[in-house]
Amino acid sequence: MDMNDYQQAALRTAAPKEKYNELFHLLLGLVGETGEIAEKAKKIVRDKDSDFSQWDIEDLKKELGDTLWYVAVIADYFDVPLEDVAQLNIAKLADRQKRAMLGGSGDNR
Ligand SMILES: [Mg+2]
């Protein structure tokens with residue numbers, strides 16, 4: 001599926017961006033969904049000796065999708081096509097790799 005097509009589909013279930021506190025809602029939702037993934041990872045660490053081969057992949061796909069939905073809608077909030085987000089990210093990482101800067105820290109490596 002094309003990323004911009006996905007974004008348009010995601011927007012069909014989003015609230016209008018003019019809704020009171022909508023950006024706040026979306027940002028909290030993104031953190032919540034990524035937290036759900038971390039929580040499930042924590043349970044694998046705690047209960048399954050960190051054996052991530054036991055992760056329920058269908059459930060993981062659902063949670064990653066929930067996260068993607070928030071990313072897509074937040075990007076649209078600022079009129080940014082999701083394709084632009086993806087392309088910028090890949091270009092940034094490729095540049096870091098070319099300069100052997102994938103490790104380390106800092107947003108603008
Ligand atoms: Mg979820």
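Leaving aside its neighbours within four places in sequence, Lys48 is in contact with Lys43 and Gln54. In this predicted model, Lys48 belongs to the loop between helix 2 and helix 3, and with a relative accessible area of 35% it is partly exposed. Although Lys48 and Glu36 are 12 residues apart along the chain, their C-alpha atoms are separated by 17 Å, and Glu36 is itself one of the residues that coordinate the magnesium ion. The points below take up the metal site, then the helices and their contacts.

**The magnesium site**

- The magnesium ion is coordinated by Glu33 (OE), Glu36 (OE), Glu63 (OE) and Asp66 (OD), at 2.1 to 2.6 Å.
- Read along the sequence, these donor residues follow the spacing E-x2-E-x26-E-x2-D.
- Glu63 and Asp66 are three residues apart in helix 3 (residues 57–77), and therefore about one helical turn separates them.
- In general, an α-helix has 3.6 residues a turn, so residues three or four places apart point the same way.

- Helix 2 (22–47) has 26 residues and reaches 37 Å from its first C-alpha to its last, which is close to the 38 Å expected at 1.5 Å a residue.
- Just after helix 2, Asp49 takes a positive phi of about 50 degrees.

**Helix 3 and what covers it**

- With 21 residues at 1.5 Å a residue, helix 3 should span 30 Å, and this agrees with the model, where its end C-alpha atoms are 30 Å apart.
- Buried in helix 3 are Leu60, Glu63, Thr67, Trp69, Tyr70, Ala72, Val73, Ile74, Ala75 and Asp76.
- The cover over these buried residues includes helix 1, helix 2 (22–47) and helix 4 (82–98).

**Helix 1 against helix 3**

- The axes of helix 1 (residues 3–11) and helix 3 come within 9 Å and cross at roughly 90 degrees, and the two helices are therefore roughly perpendicular to each other.
- On the side of helix 1 the contact is made by Tyr6, Gln7, Ala10 and Leu11, while helix 3 contributes Gly65, Leu68, Trp69, Ala72, Val73, Ala75 and Asp76.
- Sorted by class, this contact of helix 1 with helix 3 has eight nonpolar, two polar and one charged residues.

**Helix 1 against helix 4**

- How do helix 1 and helix 4 lie, and at roughly what angle do their axes cross? The axes come within 7 Å and cross at roughly 135 degrees, which makes helix 1 oblique to helix 4.
- In this pairing, Met3, Asn4, Tyr6 and Gln7 of helix 1 meet Leu82, Glu83 and Ala86 of helix 4.
- By class, the contact of helix 1 with helix 4 has four nonpolar, two polar and one charged residues.
- Tyr6 and Gln7 are listed in the contact of helix 1 with helix 3 and also in the contact of helix 1 with helix 4.

Definitions and conventions:
Residues are numbered from 1 along each chain as its sequence is written. This is a predicted model: local features need pLDDT of at least 70, side-chain atom pairs count only at pLDDT 80 or more; totals for chains, interfaces and linings use all residues. Side-chain values use heavy atoms; hydrogens and water are left out. Donors are N, O and S atoms within 2.8 Å of the metal (3.2 Å for Na, K and Ca); water is not among the atoms, so sites may look incomplete. Helices (H or I, at least four residues) and strands (E, at least two) are DSSP runs, numbered from the N terminus. Axes are lines fitted to C-alpha atoms, for helices over the stretch in contact, and angles run from 0 to 180 degrees between N-to-C directions. Angles under 35 degrees count as roughly parallel, over 145 as roughly antiparallel, 65 to 115 as roughly perpendicular and the rest as oblique. Contact means heavy atoms within 4.5 Å. Ala, Val, Leu, Ile, Met, Phe, Trp, Tyr, Cys and Pro count as nonpolar, Asp, Glu, Lys and Arg as charged, and the others, Gly among them, as polar. The expected span of a helix is 1.5 Å times one less than its number of residues. Buried means under 20% relative accessible area, exposed over 50%, partly exposed in between (1.4 Å probe, protein chains only).
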